[in-house]
Amino acid sequence: MAAEEGAMSPTRMLAEGHLRVATGGGAPADGGIAVRHLPHHHPAKKDGVGGKTEQDNHEDVDSLLSQELKKLANGDNKVPGTLDDYKRLVVPIVEEYFSTGDVELAASELKGLGSDQFHHYFVKKLISMAMDRHDKEKEMSSVLLSSLYADLLSSYMISEGFMMLLESVEDLTVDIPDAVDVLAVFIARAVVDEILPPVFLARARALLPEFSKGIQVLQVVEKSYLSAPHHAELVERKWGGSTHFTVEEAKKRIQGILREYIESGDIDEAFRCIRELSLPFFHHEVVKRALTLGMENISSQPLILKLLKEAAAGCLISSNQISKGFSRLAESVDDLSLDIPSAKDLFDKLVSTAISEGWLDSSFSKSAVPEQEMQNTSAEKVKRFKEESCHIIHEYFLSDDVPELIRSLEELSAPEYNPIFLKKLVTLAMDRKNREKEMASVLLSSLSLELFSTDDIMKGFIMLLQSAEDTALDIVDAPSELALFLARAVIDEVLIPLNLDEISSKLRPNSSGSQTVQMARALLSARHSGERILRCWGGGTGWAVEDAKDKITKLLEEYNTGGDLGEACRCIRDLGMPFFNHEVVKKALVMAMEKQNDAGILALLQECFGEGLVTINQMTKGFARVKEGMDDLILDIPNAQEKFEAYVELATGRGWLLPTFTSVA
């Protein structure tokens, strides 16, 4: 970006006539994040405090000598001579701060760089890295900016950093689908913390293109945050920095409030306690838990219904939160049926009562939940299918064996539950690493060709999107991850863009699911969207499984001909599919048997294992797959069994295989 390279950009122009704001810094006590920055405790210090680069003074000096002079002047600290050097050095500072929470250490390391003219980039990098992480890191980043203000970061630097972020929102959205809203919270928080002047919004708006996402961010800042009642408290609690509640702690408090209310019947006390939680965005949990208690204890239902009705009438719990609470309970009613056999009937009666009394929108009963519609048989069969699906998916994540999974799914003989399987697959993958997410997308492509209809896949995604709020309680990044899965399905031609409109029509307007579909559309409309989405989880080469197998065969044949170990390892690494390296092992072993080139092939496997290119799990899986296909191999290679036993003996001696190989393979 031009702004980063010092060109005349809006970030430079913004500084002209910039107003300074008196505020305070100070590192949190004990270097932690529990004590937030509080404004007005210290006077603002002079802008521009910090070391100066010596680059301009050494332009004609040999670069090595220049670096040595800088080291002498600054001790052993690394001193960036250019913006590129600075960018490289600030990343580990941010990473270390996220790990330790030590504000003083981060300040010391930033000061040691001695390049205050680049600190606007630190602001941008800190926030952009936090935007892609959990609420903890977002809160930590806001605390760090407040602490560094005036001491190390001038008002100008902070404004310029935020302006750079506004200019790059389009790019950020590719990797962070909810970047608009997250950046809006950061800007609102900076204004509330008084490290960014409110006039920044007007100046930034004048410098950004009219229909850019940067303008959208500013609109969200003003309408959703800074103009809201008690906006300061709202913004400060957005990431839990002031309440210090974890999700589990909030759930326990809500449960306690409801149980006490049922015992005492004191509705005013219950309302007071709910207000004191200061978690209006989490009131759907109050609704869900209240309804659950009413189903567990029938005698408490009148009190529960009274509580929810009056909470809705008094606007303590919004209609949106009421609907969310009912929706979340609808999703889990099958599980409840295990403990409360009449759960579904009880829930239907609660829905009917709430609608008739006017505190639940009548559209709730009309919004068909696909998973419930398809349950033509008993809930027990659905439960059993879900359990079997979990086992099959977990096995797939371990084995990477698509054909085996398809065989297992066919054996279940329940095609009517294909959408449930898709929902379970994506949900389990979202809570795992990028490897499993990539594997889930690869599997979805294969299933769409062999087993799943487009209607199955659409219903599965609708179920995922309808339960998005519930999923987000356990998987913080669920909306953005789900948007990536949806976009990836379009790129892989599992769905077509028109299907997104059909899916969206089945969702409630302005729901989390609808917003996720919008995120997916934004991802697909971005520049180079196909390439970026295919690579979003690191393994996204865009190849089908068969394409990957062909490439593996070709690189092994080329190695067998030329014998260049380094080139073969580079080609394996360039595949970008580390979770598929068991196929490299399998094909290498088969080639060694066929080509009578044991020494060369085994040398390649040793090199791959020694470099960590092929893990012990992938190595073991490769050997196991050869063993599974031994009967077929013997037809073409009569001595295959003897050769394989020799390979296993060698691999065991060199530590390539898991100790359990012989018993599980």
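**A guided look**

Guide: Helix H6, residues 135-148, has 14 residues and reaches 20 Å from its first C-alpha to its last, close to the 20 Å expected at 1.5 Å a residue. The expected span is 1.5 Å times one less than the number of residues, and helices (H or I, at least four residues) and strands (E, at least two) are DSSP runs numbered from the N terminus. This is a predicted model, in which local features need pLDDT of at least 70 and side-chain atom pairs count only at pLDDT 80 or more, while totals for chains, interfaces and linings use all residues. Residues are numbered from 1 along each chain as its sequence is written, and side-chain values use heavy atoms, with hydrogens and water left out.

Visitor: How many of the 14 residues of H6 are buried?

Guide: Buried means under 20% relative accessible area, exposed over 50%, and partly exposed in between, with a 1.4 Å probe and protein chains only. Among the buried residues of H6 are Glu137, Met140, Val143 and Leu148, and what covers the buried residues includes helix H3 (83-100) and helix H7 (155-167). H6 is mostly covered, and the number of its buried residues is 12.

Visitor: What span should the 13 residues of helix H24 have at 1.5 Å a residue?

Guide: H24 covers residues 454-466, and 10 of its 13 residues are buried, including Phe461 and Leu465.

Visitor: Is Ser445 buried or exposed?

Guide: Ser445 lies in helix H23, residues 434-450. Leaving aside neighbours within four places in sequence, Ser445 is in contact (heavy atoms within 4.5 Å) with Asp492 and Val494. Because its relative accessibility is 18%, Ser445 counts as buried.

Visitor: How many disulfides does the count come to?

Guide: A disulfide is a covalent bond between the sulfur atoms of two cysteines, and here the rule asks for a pair of cysteine sulfur atoms within 2.5 Å. The sulfur of Cys569, a buried residue with a relative accessible area of 1%, has its closest cysteine sulfur in Cys608 at 4.1 Å, which is too far for a bond. By this rule the count of disulfides comes to 0.

Visitor: What percentage of the residues of the chain count as buried?

Guide: The chain has 37 helices and 0 strands. Of its 665 residues, the share that counts as buried is 52%.
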